[in-house]
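User: Could you walk me through how some of the helices and side chains are arranged here? I'll jump between topics as we go.

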Amino acid sequence: MGVRFAFAGGREGWVRALLTAVGVGLGVALLLLTTALPNVETARTERGNARADLTYGGTALPKADDTLLLASTGTTFRDKDIRGRELEPEGARAPLPPGVDRFPAVGEMVVSPALKELLDSGDAKLLRERLADRIVGTIDDSGLIGPAELSFYRGGDGLADRIGSGPVHRIDRFGDPNPITEKTDPVLLLLILVVFVVLLMPVAVFIAAAVRFGGERRDRRLAALRLMGSDGWATRRIAAGEALAGATLGLLFGAGFFLIGRQVAGSVEVFDVSVFPSDLNPSPALALLVGLAVPTAAVLVTLFALRSVVIEPLGVVRTAKPARRRLWWRLLLPLGGLAMLYPMVGQGRDEGDFNQYLVVGGVLLLLVGVTALLPWIVEAVVARLGRGGVAWQLAVRRLQLSSGTAARMVNGIAVAVAGAIALQMLFAGVESDYTKDTGYDLTRAQMQVTLRNEERLGPAAEKFRRTEGVRRVHAYSEGYLGERRRDPVLGAEATVGDCAALREVAELPSCRDGDVFAVQGAEYDTDTPKLAKAGRTLYFDPSYEGSPKAAETPWVLPSVLKQAQARPDPTWSERGGFLITPKALPAAVGEALYGQLYLKLDESVPDVRDLVRNTAATVDPLSEPMEWQSVQRSDRYTAIRTGLFVGASCVLALIGASLLVSQLEQLRERKRLLSALVAFGTRRRTLSLSVLWQTAIPIALGLLLASVVGLTLGAVLLRMTNTSVRVDWPSVLSMTGVGAAVVLVVTLLSLQPLLRLMRPDGLRTE
C-alpha cells in the first residue's frame with residue numbers, strides 16, 4: 001500500500017515521489033563520487049610513478065643502447081604550470097615515456113590535448129613563442145595524471161655535454177619501482193578526517209530531509225488510516241514502504257546523476273585538479289554500502305517522524321499546534337561529541353596519531369547536534385514573534401504551525417557552515433606550521449634565472465635588460481673555492497660580478513674592475529679568514545672522494561685583498577667567501593662557474609613574467625626561471641586544502657540544488673492556500689515577502705547556531721593540535737555569508753514558480 005501511495009496515487013503521488021527521488025539522487029550522486037575518490041588518488045599516483053624520470057642519478061649510468069638523455073624543461077604560463085621534458089635517445093632500445101608512441105625529432109614536440117588546445121587558442125601568443133616546435137602528436141591518457149594537465153615532450157640535441165652541469169639525466173627506464181612513502185603527519189591526518197566528515201555530513205542531512213518531502217500531507221493521510229482502524233504497526237509499514245519506494249527511485253536517479261557527472265568531470269578543472277572519467281570508479285564495497293544505507297536511513301527517518309501520527313492521529317488531522325519539543329536530549333549530542341574529543345586535547349603531533357574513531361564520532365555528534373538543536377531553537381523563537389506587517393504575520397504563523405519543516409530545510413546549510421567555520425579555524429591555526437617564509441626580498445627582485453654556462457651570463461644580462469618590463473638586472477657568476485684540488489678541508493663561496501652587482505650583496509669601501517674582496521661577518525662562514533691570504537693558491541670546483549673529476553682550476557689571490565662587510569643579498573642570506581670583479585679572474589675559471597640573474601620587474605606591464613621566460617628560453621632552453629614568492633607551503637597541506645575547496649564546491653552545489661527542490665516542494669504543498677489568499681485579495685508582493693521571511697528567519701537562526709557550534713568545534717580541534725585558539729573572523733563571516741548567499745539565490749529562483757502558483761484558479765478541484 002505504501003508503494004502504491006508513492007507511484008499510483010495520481011499526479012500528487014508521483015510528483016511527490018519525483019521530488020523525493022531528485023533530492024535523494026543528488027545526495028547519492030555525491031556519496032558515490034566520494035566513494036570513487038580513493039580510486040582517483042590511486043590512479044593519479046600510479047600514472048605519476050609510471051612516468052617518474054628524475055629518480056635515478058643520471059651520472060652513474062654509462063651510455064648504452066637502452067639509455068635516454070632527458071632534460072627537465074618545464075615552464076609556467078601565467079598561473080599554469082607546464083610539465084616539459086627534452087628527450088635524446090642514445091640507442092634503438094631507449095625507453096619511451098608512457099603515453100608516447102615515438103620519440104619526437106629535434107624541432108618536434110608531442111603535447112597533451114589540453115596544451116594543444118591552449119597553444120591553438122588566440123590567448124597563448126607568448127607561450128607559442130616559447131614552445132615553437134612543430135606538434136607531431138599528442139600524449140595518451142596513460143602519460144597524464146589528468147585530462148587538463150599541460151605537458152609536452154620535445155626532441156633534444158647535445159644533452160650529453162650538459163650532464164652534471166644542468167637539469168640533464170641519463171636513464172634506462174621510466175617509473176619508480178620503490179616510491180618513497182612518507183609517514184603522514186598526525187595533524188594532517190586529523191585534517192583529512194575532519195574534512196571528510198564535514199563534507200559528507202551535509203549530504204546525509206539533505207538525504208534525510210529529502211525523504212520527508214511531502215511529509216505534511218503524508219502524515220495527514222496516515223493519520224486518517226490510523227483513525228479508520230489501521231494499527232500502529234500497519235501504519236509504520238505503510239510509511240516505510242512509501243519511503244523505501246522514494247529512496248529506491250532516488251538510488252536510480254543518483255546513479256544516473258553520477259554517470260552524467262562522471263562524464264562532465266573529464267572536461268572540468270576545479271582548483272587546478274582534473275580527473276579522467278575512467279578513474280571515477282566507486283569501490284564496489286563502498287557503493288554497496290551507499291546502496292544499503294540510503295534506503296535504511298530513509299525508513300528510519302520516516303519511522304522516527306511518525307511518533308505524532310501513531311500516538312495522536314487526531315492532532316495531525318486537525319493540524320493542531322504540536323507539543324513543545326524537549327531540550328534535554330538534544331543537548332546530550334553536542335556534549336557527547338565534546339566528551340569524545342576531550343581526551344585528545346593537547347596531544348599535538350608529538351604523541352602519535354589521533355584516535356580516528358573518537359575524532360569521527362566526536363565531530364559527527366557535534367554536527368548532528370546542530371540538526372537536533374535547530375528545530376527547538378526555531379520553535380522557541382518563532383513562538384515569541386507576532387507583531388508586524390501582513391507579510392511578517394503570515395510568515396510567523398506558518399512557522400509557528402510547521403517549524404519542523406522550516407528547520408529541515410536549513411539543517412543542511414547550518415551543518416555545512418558549522419563544519420566550514422571549524423575547518424577554517426583549524427587551517428588558519430596550523431597554517432604557520434606548514435608555511436615558511438622564503439626570505440626572498442621581493443622589493444629588490446621578483447624573479448631569478450640560473451644559467452649553467454657562465455660564458456652566456458654577460459649577453460644574457462643584456463637581453464634581459466632589453467626585455468619589456470624588466471627594470472633592473474643583477475648578474476653574478478658563482479662557484480666554490482677550496483685550498484686543495486681534491487678533498488679540501490677549508491672552503492668558501494666565490495661571487496663574481498661588477499661593482500654595482502657586488503654592492504647588492506656586501507658593503508664595499510671602494511670598487512673598480514680588478515678588485516677582490518674578502519667578506520667579513522657572514523653568518524656560518526668560518527673558513528674565509530683562514531683562506532684570505534695574499535698570494536695563496538685556491539682551486540675552483542675542487543673534487544671529492546667518490547665524485548667525478550671536476551675542473552679543479554687554480555687561482556692565485558692578488559697581493560691587494562680588500563675587505564667587505566656582509567649584508568643580506570636579494571635572497572635575504574649573507575654571502576661569505578670572496579667577491580671578485582671580472583678582470584681579477586683568468587678566462588679558464590669560467591668553466592667552474594654558473595650564472596645567476598636577479599630581475600626587478602615592472603608589475604604594471606601585462607604578462608611581464610612570461611616575457612622574462614621567453615627571453616630565458618632564447619638565452620638557454622634549459623635555463624631555470626624562478627618566480628619568487630614570499631611564503632612556501634607544504635605540498636601535502638596544500639593538497640588537503642585544495643581537496644577541501646573542491647569538495648566544498650560540490651557540497652555547495654548540492655546544497656543549492658537540494659534547497660531549490662525543497663523550496664519548490666513546499667510551495668507545491670501550499671498551492672491551494674496561496675490561491676485562496678490571492679482570491680481574498682492578498683497582494684502578490686505581500687505573499688512573496690512572506691515566503692522570503694519564512695526562509696530568512698530559520699536561516700538566520702541556523703547560521704547563528706552554526707557559528708556557535710563551528711567556533712566551539714574549531715577551538716577544540718585547535719587545542720587537540722596543541723595550537724593556541726585564535727578565531728579567524730574573516731573566515732567565519734565569509735562562510736556565514738556564503739551560506740546566506742546560497743539561500744538568497746535559491747529564494748530568488750523560486751519566485752517565478754511562486755508567482756505562477758498565486759492564481760485564483762488554483763482553487764479549482766474535481
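User: How do helix α5 and α14 pack, at what angle and how far apart are the axes?

Analyst: In this predicted model, helix α5 (residues 186-210) and α14 pack at an angle of about 170°, and their axes are 8 Å apart. The two are therefore roughly antiparallel to each other, a term kept for angles over 145 degrees, while angles under 35 degrees count as roughly parallel, 65 to 115 as roughly perpendicular and the rest as oblique. Of the residues in this contact of α5 with α14, 20 are nonpolar, three polar and one charged, where Ala, Val, Leu, Ile, Met, Phe, Trp, Tyr, Cys and Pro count as nonpolar, Asp, Glu, Lys and Arg as charged, and the others, Gly among them, as polar.

User: And what is the angle between α14 and α21?

Analyst: Helix α14 (residues 403-434) and helix α21 (residues 684-720) pack at about 30°, with axes 7 Å apart, and these two are therefore roughly parallel to each other. Their contact has 20 nonpolar, five polar and no charged residues.

User: What should I know about the numbering and cut-offs behind this?

Analyst: Residues are numbered from 1 along each chain as its sequence is written. Local features need pLDDT of at least 70 and side-chain atom pairs count only at pLDDT 80 or more, whereas totals for chains, interfaces and linings use all residues, and side-chain values use heavy atoms, with hydrogens and water left out.

User: Switching to rings, how many aromatic pairs are there in the whole structure?

Analyst: A search of the whole structure gives six aromatic pairs, counted when ring centres of Phe, Tyr or Trp (its six-membered ring) lie within 6.5 Å, with planes under 30 degrees apart called stacked, over 60 edge-to-face and the rest tilted. F540 and W555 form a tilted pair, 5.8 Å centre to centre with 50° between the planes. F540 lies in strand β14 (residues 537-540) and W555 in strand β15 (residues 553-556), so this pair ties together parts that are 15 residues apart in sequence.

User: Are F540 and W555 buried or exposed?

Analyst: Both F540 and W555 are buried, meaning under 20% relative accessible area, with exposed being over 50% and partly exposed in between (1.4 Å probe, protein chains only).

User: Which residues do ring pairs link into a cluster?

Analyst: The cluster linked by ring pairs consists of Y440, Y476, Y598 and W628. The charged end of R575 also sits over the ring of Y476, 4.8 Å from its centre; the criterion is NZ of Lys or CZ of Arg within 6 Å of the ring centre and within 35 degrees of the ring normal.

Note on methods
Axes are lines fitted to C-alpha atoms, for helices over the stretch in contact, and angles run from 0 to 180 degrees between N-to-C directions. Helices (H or I, at least four residues) and strands (E, at least two) are DSSP runs, numbered from the N terminus.
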